[in-house]
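Here's a quick briefing to read alongside the structure. Have the viewer open as you go.

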Amino acid sequence: MAQHSQKSSDEAVAPVAEQAAPLDATQIYRSHGAFVWRNLRRLGIPENMVEDVLQDVFMVVHRRLSEFESRSSLKTWLFGILLRVAKTHRRSQHRRTVLLDGLATAAEVESDTAATEDDPAEMIGRREASRLLHRLLDELNDDKRAILVSVDLEEMTIAEVAEAMNVNPNTAYSRLKVARQEFQEAVVRYLATERRVV
């Protein structure tokens, strides 16, 4: 009989032990700060403003953390927040997108690998590619840019992006198709310009 009551007591405690620890804004920053930084740049926030806008994103995360209900992934929830903060910032700056001038820092390198051990020529090549990517993304409107970045660069699913952007999946698919087409056209224009220069 005592053994039976001990078992019931253990079963009652088990579900409590299995509950996930509460989310902590500092831990979210540590684990997702690079994701937010990278996508703020890709969404058109000038490099010299990224730190400020990143701080704004995590202020919203801190304020709204209690509202996160785990119905979507944390990454999807964060992406929705960073989309709205980036859009607000870009509007307030009146789309004052700054193209980088020859002195890009190593922080802009798109790769997650350590840049310090790379060949200098390779580092310069990656910086140039990163600059070109941001320049071509600047040619898309906010919604098309956001969906292209999230699906093609961050490899998020259409369902995740549709939720983050608060649109239905069909609208997301349609925007992605148009965004890819417009991006390809921007690449063709850039290549034609380069050929004329050479």
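**Briefing: helices and how they meet**

Just after α7, Asn166 takes a positive phi of about 60°. Keep in mind that this is a predicted model.

**Overall make-up**
- The protein has 8 helices and 0 strands, so going along the sequence you read α-α-α-α-α-α-α-α.
- Of the 198 residues in the protein, 40% are buried.
- Take the contacts with a separation of 6 or more: 67% of them come from residues 24 or more positions apart.

**Helix α7**
- Helix α7 covers residues 158-165, and its buried residues are Ile158, Val161, Ala162, Ala164 and Met165.
- As background, an α-helix has 3.6 residues a turn, so residues three or four places apart point the same way.

**Where α2 meets α6**
- Helix α2 (residues 25-42) and helix α6 (residues 142-153) have axes that come within 10 Å and cross at roughly 135°.
- The crossing of α2 and α6 is right-handed.
- On the α2 side, Asn39, Arg41 and Arg42 make the contact, and on the α6 side Arg145, Val149 and Leu153 do.
- Sorted by class, the contact of α2 with α6 has 3 charged, 2 nonpolar and 1 polar residues.

Methods
Residues are numbered from 1 along each chain as its sequence is written. This is a predicted model: local features need pLDDT of at least 70, side-chain atom pairs count only at pLDDT 80 or more; totals for chains, interfaces and linings use all residues. Side-chain values use heavy atoms; hydrogens and water are left out. Buried means under 20% relative accessible area, exposed over 50%, partly exposed in between (1.4 Å probe, protein chains only). Helices (H or I, at least four residues) and strands (E, at least two) are DSSP runs, numbered from the N terminus. Axes are lines fitted to C-alpha atoms, for helices over the stretch in contact, and angles run from 0 to 180 degrees between N-to-C directions. A crossing is left-handed if the near helix is turned anticlockwise from the far one by less than a right angle, and right-handed if clockwise. Contact means heavy atoms within 4.5 Å. Ala, Val, Leu, Ile, Met, Phe, Trp, Tyr, Cys and Pro count as nonpolar, Asp, Glu, Lys and Arg as charged, and the others, Gly among them, as polar.
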